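Subject: Structure handover

Hello,

Here is the structure I promised you. Please open it next to this email and follow along.

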Amino acid sequence: MAMSSVRAFQSRPARQAVSSAVRVRHGLAPIRCPRALSVVTKASAAPVLPYRVGHGFDLHRLAEGYKLIIGGVDIPHTKGCEAHSDGDVLLHTITDAILGALCLPDIGQLFPDTDPKWKGARSDIFLKEAVRLMEERGYVLGNIDCTIIAQKPKLSPHKENIRNNLCTLLKADPTVVNVKAKTHEKVDSIGEERSIACHAVVMLVRK
């Protein structure tokens with residue numbers, strides 16, 4: 001891919017164009033930037049890659065009075081993620097991994113926490129949009145590897161439900177979706193049960 005195309009796609013107008021499309025789809029006024037649309041059009045003519053790899057990361061504070069939702073599954077616990085949306089750290093991470101693989105704006109740009117539209121929103125909305133953008137650009141999920149890092153609660157009993165839900169959202173076979181759970185050995189905010197984090201690596205394959 002030519003460096004000029006990469007720079008154009010990563011520019012502010014390009015980000016605005018994608019953000020505008022998302023805003024219109026969810027009933028919001030688009031960002032007015034005609035130049036942005038032309039930039040994205042030019043970028044779309046760049047050579048097509050057979051594979052794309054993306055990495056996602058997210059971390060949320062844990063606090064009482066919130067539900068703990070991981071991968072779209074309600075997890076019984078005394079604390080939940082403090083966030084603008086439902087705080088699903090796993091779905092946020094996967095959304096960013098897919099957007100990163102496509103070299104698109106991140107979840108915070110497409111669904112800003114300053115927008116009341118997304119207050120308390122289900123995170124599967126964000127992931128479904130990322131999957132739509134992936135398919136629109138001619139890619140399918142090759143495989144994904146996720147690592148949830150939490151001192152408590154114990155996530156082993158919930159991993160299969162989480163993975164099954166991810167397969168549905170990602171339109172993927174269970175053999176290409178992996179979910180791991182780790183503690184943080186009682187170190188820092190995660191180990192002290194004040195936060196929860198997640199990493200995900202995704203490979204997209206050209207259809």
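Start with helix 7. Its buried residues pack against strand 2 (68-70), strand 3 (73-75), helix 4 (89-101), helix 6 (124-136), strand 5 and strand 6. Contact here means heavy atoms within 4.5 Å. Helices (H or I, at least four residues) and strands (E, at least two) are DSSP runs, numbered from the N terminus.

This is a predicted model: local features need pLDDT of at least 70, side-chain atom pairs count only at pLDDT 80 or more, and totals for chains, interfaces and linings use all residues. Residues are numbered from 1 along each chain as its sequence is written, and side-chain values use heavy atoms, leaving out hydrogens and water.

Which residues of helix 7 are buried? They are Ile162, Leu166, Cys167, Leu169 and Leu170. Buried means under 20% relative accessible area, exposed over 50%, partly exposed in between (1.4 Å probe, protein chains only). Seen down the helix axis, these residues fall within an arc of 165°, so they line one face of helix 7. The arc is that of the directions from the helix axis to the C-beta atoms.

Just after helix 7, Lys171 has a positive phi of about 55°. Then look at Asp173, in the loop between helix 7 (159-170) and strand 6 (177-182). Asp173 is partly exposed, at 43% relative accessible area. Its C-alpha atom is 9.1 Å from that of Asn143, 30 residues apart along the chain.

Now confidence. pLDDT is the predictor's confidence in each residue, from 0 to 100. The chain's mean pLDDT is 84, and 77% of its residues reach 70 or more.

Best wishes
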